[in-house]
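Subject: Handover of a structure and findings

Dear colleague,

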Amino acid sequence: MGPRPLLWLARHRIGLATGRVARALGEAEAPRGPFLSPRAPAPPPLPAVQRDAVLAAARALGPAVAHGPFDPAAPALSLDLFAPGDVRPVWEANRLAWLPLLAQAHRLQPGGGHLLRAERRLSSWAAANPPWTGPNWACGQEAALRGLHLALAHALLGGGAPGPGLQALLRLHDRRIAVTQAYARAQDNNHTVSEPAGRLAIAWALGGDETRHAAALSRAVARLVAPDGGFAVVSTGYHRLLLDTLSVVEWLRRHHGRPSLPVPLPTRAGAAARWLARLVCPESGGVPRLGHQDGSALADLSLAGPEDARGSAERAARLFLGASAGFPADAGCAWLGLPPGPTLPAEAAWEATGTRGWAAGRTRLLLRTGPLRFRPGQADLLHLDLWHGPENLLRDTGTGAYNPPAESGWWLDHFPSAAAHNLIRFDETEPMPRAGRFLLARWVATERLPDGAATRDAAGRRHARRVRQEGGDWVVEDRVTGRFRTLTLRWHLLPTPWRLCADGVESAAARLRVTTDGPVALALQSAPDSPSYGASREIPCLVLRAGSGISLLRTRITILSSL
């Protein structure tokens with residue numbers, strides 16, 4: 001983690017142990033409504049299908065309150081967030097994502113009872129989650145994301161001075177975020193950005209002091225987002241959450257007529273928006289499942305869901321680049337009054353901190369690279385993803401869950417491992433051994449190459465991966481050096497029927513042919529794949545095994561389908 005995060009973490013733990021954090025929270029009562037403005041500004045002009053989708057989603061809402069297996073009466077700061085089960089789904093269900101949705105429905109159908117439903121749901125949530133008890137007050141980031149949804153819904157309903165109920169609810173969330181700022185700074189991830197973003201949005205809504213929150217948010221972005229758009233958390237899912245958070249803040253800034261956010265936030269956010277736009281599939285909105293994926297989709301005004309990132313990419317591009325990511329009909333941007341701009345130009349090759357990519361026609365490739373300034377979440381250095389149209393032909397196998405049930409406990413070791421990625425493993429050992437639930441030890445050294453990247457593990461074994469296009473084919477060249485007994489290369493494949501050939505595999509979608517400078521054994525096997533958070537299935541996997549005499553493996557990928 002490094003000395004800086006460790007010092008912040010130590011400060012946080014000392015605050016918990018001494019009771020300082022609890023004393024700072026103090027006593028508080030659950031606020032009472034009404035919470036929301038009865039105003040119903042005219043909705044944007046929308047196609048009937050988009051209007052109908054909002055109203056259908058509003059009618060289909062599930063329960064407003066969720067605690068899962070966690071005790072809602074237990075003190076939040078000392079709650080065990082692992083033993084009872086997985087807290088991640090509980091937190092997602094309590095982010096109040098339904099509140100902006102009901103604000104949209106109220107604007108479309110003022111007499112439809114949507115505002116009354118929103119009031120009742122908020123009252124139920126506040127009563128079932130008294131301040132500082134249960135899982136939903138256990139995390140400052142969750143309070144921040146709820147604060148962003150509260151502020152956004154209030155603005156969508158016309159804004160203005162919030163009533164006493166909403167003021168009290170927002171102040172509770174601001175207080176909860178404030179007392180664990182040291183923990184947020186220790187994480188060097190979305191916590192570090194989301195929490196000052198939440199406080200800034202709340203300050204605007206309440207008319208409070210915004211200066212220090214804006215400065216803290218800009219400092220976090222300056223530290224964690226590189227000038228080329230690479231994010232400290234090399235994960236398409238968390239990169240999307242980063243942009244969703246910054247996009248809500250930027251739109252609220254404009255709504256409230258506040259000054260521009262401090263540099264370098266706007267330019268770094270623009271670079272991060274360009275990074276995501278490169279990876280979004282135009283047909284499906286899918287993105288490579290690089291890094292940890294937990295299904296977050298903040299302020300999903302497009303109703304796209306966690307599997308479709310087109311709305312997030314389009315909103316961020318319009319706000320921070322004055323351009324379109326290529327999805328001009330996005331309903332979420334219509335709700336925010338964001339006009340489309342010129343479409344971002346296509347790039348045949350690009351590079352950012354932690355990744356690089358190539359594109360030709362409908363084919364896109366993504367390579368996970370270094371340098372490793374921040375802790376990696378998975379042993380995925382040099383993983384390669386390949387897409388053709390909406391089909392993810394060579395894929396990252398996802399996340400599983402952060403705290404899976406006992407029968408799926410192997411997920412914690414498998415999905416973050418090199419064996420779950422399109423990588424070479426030496427002697428079937430991990431290049432970076434696990435040092436905790438989210439920590440890896442003995443980080444590999446990384447090296448930039450003109451057409452790829454290389455890594456060297458703690459045992460001195462080097463893997464160099466280069467990518468090039470030859471005609472209509474793509475060639476991935478892997479060269480290895482160092483001492484090892486065996487070598488295993490895995491290619492995780494699109495879940496469709498594949499046939500093993502003498503030199504690779506073939507399906508209706510693509511053909512993989514492998515050439516080497518030594519003997520190799522090929523097998524077509526099944527491998528675990530996590531298509532979404534908390535789910536697992538089996539997909540085909542081409543496995544190549546060789547002995548110590550090998551130094552070169554070349555994989556030629558031919559696209560066969562016209563998808």
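The lining of the largest cavity comprises 10 nonpolar, three polar and five charged residues (nonpolar being Ala, Val, Leu, Ile, Met, Phe, Trp, Tyr, Cys and Pro, charged being Asp, Glu, Lys and Arg, and polar the others, Gly among them). This is a predicted model, in which local features need pLDDT of at least 70 and side-chain atom pairs count only at pLDDT 80 or more, while totals for chains, interfaces and linings use all residues. Residues are numbered from 1 along each chain as its sequence is written, and side-chain values use heavy atoms, with hydrogens and water left out.

The lining has 18 residues, and Leu381, Ile424, Pro431, Val444 and Thr455 lie nearest the centre of the cavity. A cavity is a set of points, on a 1 Å grid over the protein atoms alone, where a 1.4 Å probe fits but cannot get out; lining residues have an atom within 4 Å of a point. The volume of the largest cavity is about 190 Å³, where volume is the space filled by probe spheres set on the points, and grid points are joined across faces, edges and corners. In total, six cavities of 30 Å³ or more are counted.

Strands E6 (424-426) and E10 (452-456) each supply at least two residues of this lining, and E6 gives the most, with three. Strands (E, at least two residues) and helices (H or I, at least four) are DSSP runs, numbered from the N terminus.

E6 also belongs to an open, antiparallel sheet of four strands in the order E6-E13-E18-E17. E6 and E17 (520-529) are the edge strands, each with a single partner, so one side of each has no neighbour in the sheet. Neighbouring strands of this sheet are turned by 25 degrees against each other on average, direction ignored. Two strands pair if DSSP finds at least two bridges between them. Seven bridges join E13 (residues 486-492) to the antiparallel E18 (residues 537-547), with Thr488 partnered by Arg545.

Elsewhere, E16 (residues 510-516) pairs antiparallel with E19 (residues 552-559) over seven bridges.

Helices H7 (residues 140-156) and H10 (residues 190-206) pack at about 40 degrees, with axes 8 Å apart; axes are lines fitted to C-alpha atoms, for helices over the stretch in contact, and angles run from 0 to 180 degrees between N-to-C directions. H7 and H10 are therefore oblique to each other (under 35 degrees counts as roughly parallel, over 145 as roughly antiparallel, 65 to 115 as roughly perpendicular and the rest as oblique).

Yours sincerely

Note on methods
On a 1 Å grid over the protein atoms alone, a cavity is a set of points where a 1.4 Å probe fits but cannot get out, and a pocket is an open set with protein on both sides within 12 Å along at least five of seven lines; lining residues have an atom within 4 Å of a point.
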